[in-house]
Amino acid sequence: MFVRDAMTTTILTIGPAHTLRQAARLMSARRVGSAVVQDGDAGGFGILTERDILDAIGMDRNPDLETADAHTTRDVVYAAPTWTLEEAAEAMTRGGFRHLVVLDDLGPVGIVSVRDIVRCWAPARLAA
């Protein structure tokens with residue numbers, strides 16, 4: 001199986017000025033564990049995850065004042081839709097993260113998470 005078979009194609013995109021509370025509310029409403037942070041001024045993408053928000057609150061940061069920009073991971077590992085799920089799992093394990101932004105020539109086309117990979121692998125293992 002490939003990343004394109006497992007990825008979520010509905011991407012939550014937020015701006016760098018969103019507060020952590022706003023980001024958390026949007027993520028919760030969409031039932032997703034990450035948001036792509038698009039910074040038009042910097043011309044790039046980053047990712048904000050539920051773990052980033054949890055860490056900020058754990059460090060007593062005010063979620064109404066802290067912005068997504070301050071907690072966004074910019075050194076993002078991207079996956080191609082044509083990667084195998086094994087390649088995606090290896091990248092996640094190597095990097096210690098649970099979400100990969102999936103890019104094609106036009107930009108982000110999806111997000112693949114550990115949960116997405118497990119969801120695809122579990123039926124195959126049960127059938128074997």
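Three strands make up an open sheet with mixed pairing, in the order β4-β5-β6. Strands here are DSSP runs of E at least two residues long, helices are runs of H or I of at least four residues, and both are numbered from the N terminus. Two strands count as paired if DSSP finds at least two bridges between them. The model is a predicted one, in which local features need pLDDT of at least 70 and side-chain atom pairs count only at pLDDT 80 or more, while totals for chains, interfaces and linings use all residues. Residues are numbered from 1 along each chain as its sequence is written, and side-chain values use heavy atoms, with hydrogens and water left out.

The edges of this sheet are β4 (78–79) and β6 (107–113), each of which pairs on one side only. β4 runs parallel to β5 (residues 99–104), and two bridges join them. Ala79 has Val102 in β5 as its bridge partner. Strands of a sheet pair through backbone hydrogen bonds, either parallel or antiparallel.

Helix α5 (residues 85–95) lies across β5 and β6 and runs at about 130 degrees to β5. Such angles run from 0 to 180 degrees between N-to-C directions, with axes as lines fitted to C-alpha atoms, for helices over the stretch in contact. The buried residues of α5 are Leu85, Ala88, Ala89, Ala91 and Met92. Buried means under 20% relative accessible area, exposed means over 50%, and partly exposed is in between, with a 1.4 Å probe and protein chains only. Seen down the axis of α5, these buried residues fall within an arc of 160 degrees, so they line one face of the helix. The arc is that of the directions from the helix axis to the C-beta atoms. Thr93 and Arg94, on the other side of α5, are exposed. After α5 comes Gly96, with a positive phi near 75 degrees.

Leaving aside residues up to four places away in sequence, Ser113 touches Met92, Arg98 and His99, where contact means heavy atoms within 4.5 Å. The relative accessibility of Ser113 is 11%, so this residue counts as buried.

A further open sheet has three strands in the order β1-β2-β3, again with mixed pairing. Its edge strands are β1 (13–14) and β3 (44–49), each pairing on one side only. Between β1 and β2 (residues 34–39) the pairing is parallel, over two bridges. Within it, Ile14 stands opposite Val37 of β2. Helix α2 (residues 20–30) packs on this sheet and touches β1, β2 and β3; the direction of α2 makes about 80 degrees with that of β3.

Helix α3 (residues 50–58) has Asp52, Ile53 and Ala56 as its buried residues. Viewed down the axis of α3, they fall within an arc of 95 degrees, so they line one face of the helix. These buried residues pack against α2, β3 and α4 (68–71). On the other side of α3, Leu54 and Gly58 are exposed. The relative accessibility of Leu54 is 57%, which is why this residue counts as exposed. Leu54 and Ala24 are 30 residues apart in sequence, with a C-alpha to C-alpha distance of 9.7 Å. Following α3 is Asp60, whose phi is positive, near 60 degrees.

The chain as a whole has six helices and six strands. From the N terminus on, these elements run α-β-α-β-β-α-α-β-α-β-β-α. The radius of gyration is 15 Å, close to the 14 Å that the globule rule gives for 128 residues, so the chain is as compact as a globular protein of that length. That radius is taken over C-alpha atoms, and the rule is 2.2 Å times the number of residues to the power 0.38. Along its principal axes, the C-alpha trace spans about 50 × 30 × 25 Å.

Of the 128 residues, 38% count as buried. Contacts between residues at least 6 apart in sequence join residues at least 24 apart in 55% of cases. The accessible surface of the chain is about 7,600 Å², and 52% of this belongs to carbon and sulfur atoms. Areas come from the Shrake-Rupley method with a 1.4 Å probe; for residues, only the protein chains shown count as cover.
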